[in-house]
Structure formats: structure tokens, C-alpha cells
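Try each task before reading its solution.

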Amino acid sequence: MKSIYWRPQKVSRKTLVMISLVAISAWALVHGMHLLGPTEQGPQKLQAARLAAKSFQAIQEARLQRGDTIHRVLDPTGSGLMGAAMTLVTSRPAELADKQTTVNPNFAAAIVEMLLDAGVEPGDTVAVGWTGSLPALNIALCAAMESLELCPIAVASVTSSQYGANRADFLWLDMERVLVDQQLISFCSQ
């Protein structure tokens, strides 16, 4: 009977067993250790990530209610945040993978940490420049600012690079309006 799995012929069975035991031990060690415990920022990070996820859902629902088709090849998560390759308001080329990577609500938690590291406190006024090119990161920043109770002064770009908020009938300003109307964020661009 032939063996199903290939294994190098010059490596002894004893060596393979040792490598397997070391790999399993390392895996168990990594999964058994809790290097980082809860932090002071934990509740704010969790709140921001949850708000970002709700906001992504709100944009997706708004797109579907409008009768838009969400292209699953361009937007595998179905977020509704991926634009087209080229439209009348596309400002420059971009990488689709870069845009797809940003559709993760955990970016909001990372932004909370960055803002706290920068020394912001509840009630602080912060300046924000929105880009239509990265609407998912805009949403993550909105969620982070809401969770930290900041007062943003925001200026928005109307155009977008490829695959961003570059649909002439649903720009970043339209997405922002959806979030404000659903009371997910309490501010909008000036």
C-alpha cells in the first residue's frame, strides 16, 4: 500500500517526531499564555469597535435600500464600502487590497489607543480631514472619537481614489449623513 503523505526520505522518523513535539509544545505554550491582560482602554476600544461594526452595517443597509448591488469580488465582506474602479469623481488610482484591508472594525480600537497615546481627553477638540478614498477608516475614526467623547472639526474631500467612496450618487458625505441620521455619530463635516 502506498503512503498518502510525502515525507523526506533522509530525515529519520525520530527527528520528525521531535519536530512535531516541539511544534505542539510551542502551540500549547502560545495558546496557554495570556501576555496581555485587560487594559484601562479596553472598554473604550470595545465600544469603538462595536460602533464601527454597527456603522459598517448601516452603510451596507443604506446601499441595499437604494437598490445598489454590492460586488462580492470587490467587496468580499459585503460592507458596501468598496466603490468602483473608475467613476466621474475618481481622483487617482489605488490598490483594491488596500481598501479591502481597512474594512475591519478593530481599526477603531487601534485609533482609540493612538488618540489616547497622543494625550487627548474627553471633550477635547480635534481637527479631522476626511478622505473619500478610505471610508472604512473614516468610520473607524468616527467610532473612536465618539467612544472618547471628542469634539471633531471635520473637513471632507468630495472625490475619492479608486474603490473608495467614489460613486457620484453615494460619496463620503452621503455615508456620513447616513451615520448622523441613524445617530451613530453626533457630528458631521463643516
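**Exercise 1.** In which helix does Ser-147 lie? Then decide whether Ser-147 is buried or exposed, and find what its side chain reaches.

*Solution.* Keep in mind throughout that this is a predicted model.
- Step 1: Ser-147 is part of helix α5.
- Step 2: Its relative accessibility is 5%. Buried means under 20%, so Ser-147 counts as buried.
- Step 3: The side chain of Ser-147 reaches the backbone oxygen of Gln-44, at 3.5 Å.
- Step 4: Setting aside neighbours within four places in sequence, the contacts of Ser-147 are Gln-44, Gln-47, Ala-48 and Val-112.

**Exercise 2.** Now turn to Asn-138: which backbone oxygen lies 2.6 Å from a polar atom of its side chain?

*Solution.* 
- Step 1: Locate Asn-138 in helix α5.
- Step 2: With a relative accessible area of 5%, Asn-138 is buried.
- Step 3: The oxygen in question belongs to the backbone of Thr-131.
- Step 4: Not counting residues up to four places away in sequence, Asn-138 touches Trp-130, Thr-131 and Trp-172.

**Exercise 3.** Which residues of helix α6 are buried, and why do they lie on the same side of α6?

*Solution.* 
- Step 1: Helix α6 spans residues 172–181, and its buried residues are Trp-172, Met-175, Glu-176, Val-178 and Leu-179.
- Step 2: These residues cover an arc of only 155 degrees around the axis, which puts them on the same side of α6.

**Exercise 4.** Where are Glu-149 and Gln-183 found, and what is the phi of Glu-149 and of Gln-183?

*Solution.* 
- Step 1: Glu-149 sits in the loop between α5 and β2, while Gln-183 is in the segment after α6.
- Step 2: Glu-149 has a positive phi near 55 degrees, although it is not glycine. Gln-183, also a residue other than glycine, has a positive phi near 55 degrees.
- Step 3: Check the accessibility: Glu-149 is exposed at 56% relative accessible area, and Gln-183 is exposed at 73%.

**Exercise 5.** Which residues form a nonpolar patch on the surface with about 280 Å² of accessible area together?

*Solution.* 
- Step 1: The patch is formed by Val-17, Met-18 and Leu-21.
- Step 2: Val-17 has its place in helix α1 (residues 13–32).
- Step 3: Val-17 counts as partly exposed, at 44% relative accessibility.

Methods
Residues numbered from 1 in each chain as written. Predicted model: local features only at pLDDT ≥ 70, side-chain atom pairs only at ≥ 80, totals over all residues. Heavy atoms only, no water. Buried < 20%, exposed > 50% of the residue type's maximum accessible area, 1.4 Å probe, protein only. Helix = DSSP H or I, 4+ residues; strand = E, 2+ residues; numbered from the N terminus. Arc of directions from axis to C-beta. Polar contact = N/O pair within 3.5 Å; in protein donor to acceptor, adjacent residues only side chain to side chain. Contact = heavy atoms within 4.5 Å. Patch = residues over 30% accessible without salt bridge, like charges linked within 9 Å, V, L, I, M, F, W, Y side chains within 5 Å. Areas by Shrake-Rupley, 256 points an atom, 1.4 Å probe, with all protein chains shown as cover. Salt bridge = Lys/Arg side-chain N within 4 Å of Asp/Glu carboxyl O.
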